[in-house]
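Q: I am new to this structure and would be grateful for a close look at one part of it, the aromatic rings and their surroundings.
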Amino acid sequence: MYRSPRTPSPKGSARRSISGPAGRGTGQSRGPTIGAGLGMGSGARTRPNTFDVGNRRSKSAPSYLRPVVAGGYGTHLANMRALRGGPDGDLIDDQYDGIDDSGFQGQGQKQSAHQRVYNTWNKLQNADQSNFLHQNARGIEGVLSPHIKQGKRSGPWQMQEVENIQVEDSYNGPRLTYPFGWPQVMELVQFYKSDINAVLHRHYAIQILLHAKEVLARKAPTALVEAQLKPGQTLNICGDTHGQLQDVLWVFHLHGYPSERNIYIFNGDIADRGEQATQIFFILFAVMLVEPDCIYINRGNHEDCEMNELPSFAGGGFAKEVRRKYGGRTFALFQELFNLLPLATVFNRELFVVHGGLPRHVGVNLEHIRGLDHHRQPPAPNSYPNSIFFDMLWSDPKPSAGIGPSRRGPFCVNFGHDVTARFLDDNGLRACVRSHEVPTSMRGFEVQHNGRMITVFSASNYCGSTGNFGAILRFRLKSDAHLFAADDVSSQGGESP
């Protein structure tokens, strides 16, 4: 467990939560001993976050972070996705993605146009649900398009075009060269360590994204990725980081960077809320260019265009962050990468790692998941495959049996211990690791469902005021080739690979 030093508080981001902290676990201590968190094995803790005032820490999540908005926004996003099933399919996505800051003359016009679109979006969200579901995509396009089409869509970035972007002599950040190696990665890391709000020049930022796009297309051709740990390798599972760069730097500082013996998986929700999500992505993608077999990234429910378009106080903020730093075309490029991220990763045919949780349907197997079309924005749960996709990003565990309603909205579900046992047993798996919410223990991890469902959350002092510890899970191979939780995590560390 840890709190990273000086985790900043995103402006206005602490009042509402979609992937909120009120976990539903029972806090069961049965099951494997989890060496979760940095230094947990020996009881070591790091310095407290400077935003963590003693009287702010509590055993339960603060009342203002409990779900109220969550259901409304979850319902709204699912409704918007439900409209895509008709002949106008992706028309709303195509139009809304078209807001490009470079098409506006001056900052005031940019903000005004974005605000008008968001206000319209809000009105639709607050409309009567039964009427809303019967509106057609053309009608919504008519409401949104007068504002959206003020932006000029120039098409996706191409490498040749990026190479023509001039780097000014006044730029004092890293000047990255290819082929990429660890010196370039560490130069980038040091750049961000010197100033967590530093902005990498867009020439280098877009280059990283375009190269990472090629790697991800090879690395995750299907919605399910399978990986095999070897003896001597350690698996580090990081939960939500939500733009809190210092948590990621702290993890690497204590446990070393990804390497052949030190494998990492980031389990989604890197985007939104915090203000340094682009920095995190650039570091992770840069590492992936150097060590593609040593780092994995699952998709979370916040690696989603519509979630990103929300303001930070409502759970979004990533769209604004990217457009402010790099423009609208780069935001569209991020969405292309998000559409390449897998929904789940299985290690050694026994550990299932997914951002949200398990599907609501009985009989879902790994082949069903592998066969999902994941090269798209997350859908509404309006069909069998779409509901599997949706649930893997949005569902949560609950202590009782069966499938039940979720506080996140009428389209979302909670699943019980029987669902977990059936899914794992049917697929020959031992345990599931998921993220998606701050555990009720406030310790960064929680063991549920007879030790077979483990939640890990890595954003310490979430949004600058929750007062929770962050954690990661560490696994190694035993001599009998089974994964087990590492219990000596405090001894690991290092500044460079």
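Which residues do ring pairs link into a cluster?

A: The model is predicted: local features require a pLDDT of at least 70 and side-chain atom pairs a pLDDT of 80 or more, while totals for chains, interfaces and linings use all residues. Residues are numbered from 1 along each chain as its sequence is written, and side-chain values use heavy atoms, without hydrogens and water.

The cluster joined by ring pairs consists of Phe-281, Phe-282, Phe-285, Phe-318, Tyr-326, Phe-331, Phe-334 and Phe-338. In the whole structure, 22 aromatic pairs are found (rings of Phe, Tyr and Trp, the last by its six-membered ring, with centres within 6.5 Å; planes under 30 degrees apart are stacked, over 60 edge-to-face, and the rest tilted). One of them is the tilted pair of Phe-282 and Phe-334, whose centres are 6.0 Å apart and whose planes form an angle of 45 degrees. This pair links distant parts of the chain, 52 residues apart: Phe-282 belongs to helix H10 (residues 277–290) and Phe-334 to helix H13 (residues 328–338) (helices, H or I of at least four residues, and strands, E of at least two, are DSSP runs numbered from the N terminus).

Another pair is formed by Tyr-296 and Phe-347; their planes stand at 85 degrees with centres 5.6 Å apart, so the pair is edge-to-face. Since Tyr-296 is in strand E4 (residues 295–297) and Phe-347 in strand E5 (residues 344–347), the pair ties together parts 51 residues apart in sequence. Tyr-296 counts as buried at 13% relative accessibility, and Phe-347 is buried with a relative accessible area of 0%. Over the face of Tyr-296 lies Lys-219, 3.9 Å from the ring centre (a charge sits over a ring if NZ of Lys or CZ of Arg is within 6 Å of the ring centre and within 35 degrees of the ring normal). The charged end of Arg-329 likewise sits over a ring, that of Trp-157, at 3.9 Å from its centre.

Leu-200 touches, among others, Phe-282 and Tyr-326, residues up to four places away in sequence not being counted (contact means heavy atoms within 4.5 Å).

Val-225 is found in strand E1 (residues 224–227) and counts as buried at 9% relative accessibility. Leaving aside residues up to four places away in sequence, Val-225 touches Lys-219, Ala-220, Tyr-296, Pro-342, Ala-344, Thr-345 and Val-346. Although 119 residues separate Val-225 and Ala-344 along the chain, their C-alpha atoms are 6.4 Å apart.

Terms used: Buried means under 20% relative accessible area, exposed over 50%, partly exposed in between (1.4 Å probe, protein chains only).
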